[in-house]
Amino acid sequence: NSDFLPSLMEETQGRGVDIVLNSLSGKLLHTSWECVAPFGRFIEVGKRDFLANGQLAMAPFIENRSYIGFDLFQMGKQNPRAHER
């Protein structure tokens with residue numbers, strides 16, 4: 001559930017965190033996105049919202065937050081020898 005948001009924001013004096021490694025979807029994805037501090041990074045490793053063409057609030061980008069979608073399985077399919085470098 002989304003009960004973690006108030007405690008996290010209180011613990012960080014309302015700033016949020018620098019990095020969120022997220023695999024949550026739906027409402028919880030949006031709650032996690034709210035946790036990102038200015039200049040922070042959100043790294044999405046889940047695929048459910050990608051496959052469903054989910055939408056994300058754009059306003060947090062004003063404070064230079066980054067959203068990165070990462071699919072390790074797809075990376076291995078497209079570039080199976082990347083680990084050899």
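In this presentation, helices (H or I, at least four residues) and strands (E, at least two) are DSSP runs, numbered from the N terminus. With that in place, the elements of the protein run α-β-α-β-α-β-α from the N terminus on, which amounts to four helices and three strands.

A word on the basis of what follows. This is a predicted model, in which local features need pLDDT of at least 70 and side-chain atom pairs count only at pLDDT 80 or more, while totals for chains, interfaces and linings use all residues. Residues are numbered from 1 along each chain as its sequence is written, and side-chain values use heavy atoms, with hydrogens and water left out.

Let me start with the overall picture. Taken along the principal axes, the C-alpha atoms of the protein fill a box of roughly 45 × 30 × 25 Å. Of the 85 residues, 22% are buried, where buried means under 20% relative accessible area, exposed means over 50%, and partly exposed lies in between (1.4 Å probe, protein chains only). Contact, here and below, means heavy atoms within 4.5 Å. Among contacts between residues at least 6 apart in sequence, 49% join residues at least 24 apart.

I turn now to the sheet. Strands of a sheet pair through backbone hydrogen bonds, either parallel or antiparallel. In this protein, three strands form an open sheet in the order E1-E2-E3, with parallel pairing; two strands are said to pair if DSSP finds at least two bridges between them. The edges are strand E1 (17-22) and strand E3 (66-69), each of which pairs on one side only. On average, neighbouring strands of this sheet are turned by 10° against each other, direction ignored. Axes are lines fitted to C-alpha atoms, for helices over the stretch in contact, and angles run from 0 to 180 degrees between N-to-C directions. Between E1 and strand E2 (residues 36-44), the parallel pairing extends over five bridges. For Leu21, the bridge partner in E2 is Ile43.

Which helix lies across E1, E2 and E3? That is helix H2 (residues 27-34), running at about 145° to E2. Within H2, the residues Leu29, Thr31, Ser32 and Trp33 are buried. The buried residues of H2 pack against H1, E1, E2, helix H3 (48-51) and E3.

Trp33, not counting residues up to four places away in sequence, touches Phe42, Leu56, Ala57, Pro60, Phe61, Arg65, Ser66 and Tyr67. Thr31 is buried, with a relative accessible area of 5%. Leaving aside neighbours within four places in sequence, Thr31 is in contact with Ser2, Phe4 and Leu5.

Leu5 brings us to helix H1 (residues 4-11), where this residue is placed. Leu5 counts as buried because its relative accessibility is 17%. Leu5 and Thr31 are 26 residues apart in sequence, yet 6.9 Å apart in space, C-alpha to C-alpha. Beyond its neighbours within four places in sequence, Leu5 is in contact with Thr31, Glu34 and Cys35.

How do the two helices sit together? Two packed helices are described by the angle between their axes and the distance between the axes. The axes of H1 and H2 come within 10 Å and cross at roughly 5°. H1 and H2 are therefore roughly parallel to each other, a description used for angles under 35 degrees, with over 145 counting as roughly antiparallel, 65 to 115 as roughly perpendicular and the rest as oblique. In this contact, Phe4, Leu5 and Met9 in H1 meet Thr31, Ser32 and Glu34 in H2.

Next, the core. A nonpolar core is a set of buried Ala, Val, Leu, Ile, Met, Phe, Trp, Tyr and Cys residues joined through side-chain atoms within 4.5 Å. The largest one here has eight residues: Leu5, Val20, Leu29, Trp33, Cys35, Val36, Phe42 and Leu56. H2 and E2 are the elements that give two or more residues to this core.

Finally, is Phe39 buried or exposed? Phe39, in strand E2, counts as exposed because its relative accessibility is 59%. Its phi is near 70°, a positive value in a residue other than glycine. Apart from neighbours within four places in sequence, Phe39 is in contact with Glu63, Asn64 and Arg65. Of these, Asn64 is found in the loop between H3 and E3. Asn64 also has a positive phi, of about 60°, although it is not a glycine. With a relative accessible area of 42%, Asn64 is partly exposed.
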